[in-house]
Amino acid sequence: MTRILLLMFFCCISMAGFAQTITQNSGWLFLLNNTKLSEKWGTHLDVQVRSSDNWENVRNFMFRPGLTYFISKKQDVTLGYLLNESHNLKQGLNEYKLTEHRIWEQYIYKHKISTILVSHRLRLEQRFIDRHEKEDLFSQRFRYFFRMILPLEKGIKDFEKGMFVALQNEFFLNLQNKDELNKHVFDQNRAYAAAGYRFSRKFDLEAGYLNQAIKGVSNSTVNNVVQLAVYTRF
């Protein structure tokens, strides 16, 4: 079963094989906190900082809070908001900033395969997009996210501490106004592999490689990302 899941994960990387491709290299810092307020309610917060190509400057700042309702130990739903600030440099022009606001809804289902921790996330986004020298755009997008955590110590029933490997993949589909974006339903795919350490039930730290394949109108982009991620749970 593990070999099958690994094969499925790395097959997703092949989606990056577009005809005309621009290659970039960047770094992402990802911070995620989930806090349980009661048996049924909790909060979600993730903050991300992303560099431009070749780590020249900060390109994106993302702030995403949300309110979570726990259906059961394995299932939860969240309603949230996102602020995305993009700092862009265009040849011959000064830097300009674009701001995108999003409302988002998601459903998460968690389970185990032997000792492997597995999670599935379905997310719908309503995007209010600020565009340079164009009218603002409203669009909707669907995302499916799949993640596995593989503890390296064998025979662990409840993984509370130790080294692990994380594998995940996420694809994005444009549901509305795709002709104003990239003219395709497929937007992008993100395949990720990392090594991490779980210090306790409340704190994980991991570092890894993320392959971001973005479909453009005429050219497509493959972004090679080094990511540092911090997960906290209270």
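T221 touches T21, I22, Q24, Q212, A213 and I214, leaving aside residues up to four places away in sequence. Contact means heavy atoms within 4.5 Å. This is a predicted model: local features need pLDDT of at least 70, side-chain atom pairs count only at pLDDT 80 or more, and totals for chains, interfaces and linings use all residues. Residues are numbered from 1 along each chain as its sequence is written, and side-chain values use heavy atoms, with hydrogens and water left out.

T221 sits in strand β11 (residues 220-233). Strands are DSSP runs of E, at least two residues, numbered from the N terminus. T221 is buried, at 16% relative accessibility. Buried means under 20% relative accessible area, exposed over 50%, partly exposed in between (1.4 Å probe, protein chains only).

Now the rings. The whole structure holds seven aromatic pairs. Rings of Phe, Tyr and Trp (its six-membered ring) pair if their centres lie within 6.5 Å; planes under 30 degrees apart count as stacked, over 60 as edge-to-face and the rest as tilted. Two of the pairs are tabulated.

| Pair | Class | Centre to centre | Angle between planes |
|---|---|---|---|
| F128 and F138 | tilted | 5.0 Å | 50° |
| F199 and F203 | stacked | 5.0 Å | 25° |

F128 lies in strand β6 (residues 116-129) and F138 in strand β7 (residues 137-151), so their pair ties together parts ten residues apart in sequence. F128 is partly exposed at 40%. F138 is partly exposed at 29%. Ring pairs also link Y197, F199 and F203 into a cluster.

R50 lies over the face of W28, 3.9 Å from the ring centre. The charged end of R121 sits over the ring of F145, 4.3 Å from its centre. The criterion: NZ of Lys or CZ of Arg within 6 Å of the ring centre and within 35 degrees of the ring normal.

How values were computed. Helices (H or I, at least four residues) and strands (E, at least two) are DSSP runs, numbered from the N terminus.
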